[in-house]
Amino acid sequence: MKILFIHQNFPGQYKHLAPALAAMGHDCTALTLKVDAPTTWKGVRVLPYTLPKRSAQVVHPWLVDLDTKVTRGEACWRAAKQMADQGYAPDLILAHPGWGESMFLRDLWPKARMAIYCELYHEAGYPHLNFDPEFMAREPEIQPLRIRMKNLSNHLHFPHAEAGISPTAFQADTFPPEFRDRITVCHDGIDTAWSVPDPDVTLHLKGHPKFTREMEIITFINRNLEPYRGYHVFMRALPDLLRARPNARVLIIGGDEVSYGAAPPKGQTWKQIFRDEVADQITPEEWQRVHFIDRIPHDQLTRVLQISRVHVYLTYPFVLSWSLMEAMSCGAAIVASDTAPVREVITDGQTGRLIDFFDRDALVREVSDLLDDADARARLGAAARQLMIDKYDLQTICLPKQIAWVEDVAKLPLAL
């Protein structure tokens, strides 16, 4: 088949599937903003598209999201049109529609099947909205209206897509019934042969001391440190945690941008806001045991997870992070928020410990308890790793299922 991948940050969620399909002999091409010139990556031809320069225009605030997606959709369509004019016609389009890029591609290729990556449908009700009272909108009554507009791009894709795929049932179940029946739940896959326990691991990071398994290491990891991933809750628990564990070192890893949710006040970062909030509750000596680390390469991140005695993961009811599941594959003992996406992989007392997202005392208590109980850490970590092997392993479970899904989608009747 000729397969066209659409992802603004390719490979993104297709980093395993695209090379696997290319290795099987399929003609794989990707359109993306990530490259400036045509290139080849693991057998996939990667082509750029560029966004046009636009003069400022005034749109209703609720339409800014759709306006941005239509802009990307048009730009991607123009690049695809050049491909079509040169005779290219895919049999299958695999697209992440989250940025609108694939919005108009079936207009070019009506005979191509399209399957979309269904990351999340934005629901207007609790707990998807206003889960955290501290960050409620100034006008909560208009939030459902704004969310409805935010979902327009999803609805523009549904009639053009034969099928969808979603990494978790929680994420798939956010989609409305008229499209949920077309979504297959299959995780992107965890490389359990890479994310493995390593009793001899050491970690060397510039500007930080050498970390070893002999140290009492607590880890907290986000792509960006922000409220959606519970950074504020963790930081507010940090003073008590440091006092309760006088020998612990805390590794806090993540950037200071915004991945999800509202931006911080202009000129500030969530990372610094909540660091400043607890600054005077922590002594200079205690601060020496706290290590803020920017985003790091994946091999270093794996060593962080391998060296962790207790890994803390907090999230709103939202997309589940790869880092949690990689921590589980590394055999880490987990303390996590008792929220719906987490419950899909963490069973309290079996594969980790669950706490109320907002309960800082419970966070300190459960982390301390696990640090004092090596047997419990070993039992929970082993069970967590076994779950990743049994249900989420990349090579034996998820990738074969994704490939079978692609083959099934290619046989479906056209939606149009």
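**View 1. Lining of the second largest pocket.** Arg213, Ser308, Gly331, Arg377 and Ala378 lie nearest the centre of the second largest pocket, among the 18 residues that line it. Helices α11 (298-307) and α15 (374-391) are the elements that give two or more residues to this lining, and α15 gives the most, with six. A pocket is an open set of points on a 1 Å grid over the protein atoms alone where a 1.4 Å probe fits, with protein on both sides within 12 Å along at least five of seven lines; lining residues have an atom within 4 Å of a point. The model is predicted: local features need pLDDT of at least 70 and side-chain atom pairs pLDDT 80 or more, while totals for chains, interfaces and linings use all residues. Residues are numbered from 1 along each chain as its sequence is written, and side-chain values use heavy atoms, without hydrogens and water.

**View 2. Salt bridge between Asp372 and Arg245.** The closest N and O atoms of Asp372 and Arg245 are 3.1 Å apart; a salt bridge is a side-chain nitrogen of Lys or Arg within 4 Å of a carboxyl oxygen of Asp or Glu. Asp372 lies in the loop between α14 (360-371) and α15, and Arg245 in the loop between α8 (231-244) and β12 (248-255), so the pair ties together parts 127 residues apart in sequence.

**View 3. Salt bridge between Lys271 and Asp294.** These side chains meet at 3.2 Å, N to O. Lys271 belongs to helix α9 and Asp294 to the loop between β13 and α11, so parts 23 residues apart in sequence are tied together.

Key: Helices (H or I, at least four residues) and strands (E, at least two) are DSSP runs, numbered from the N terminus.
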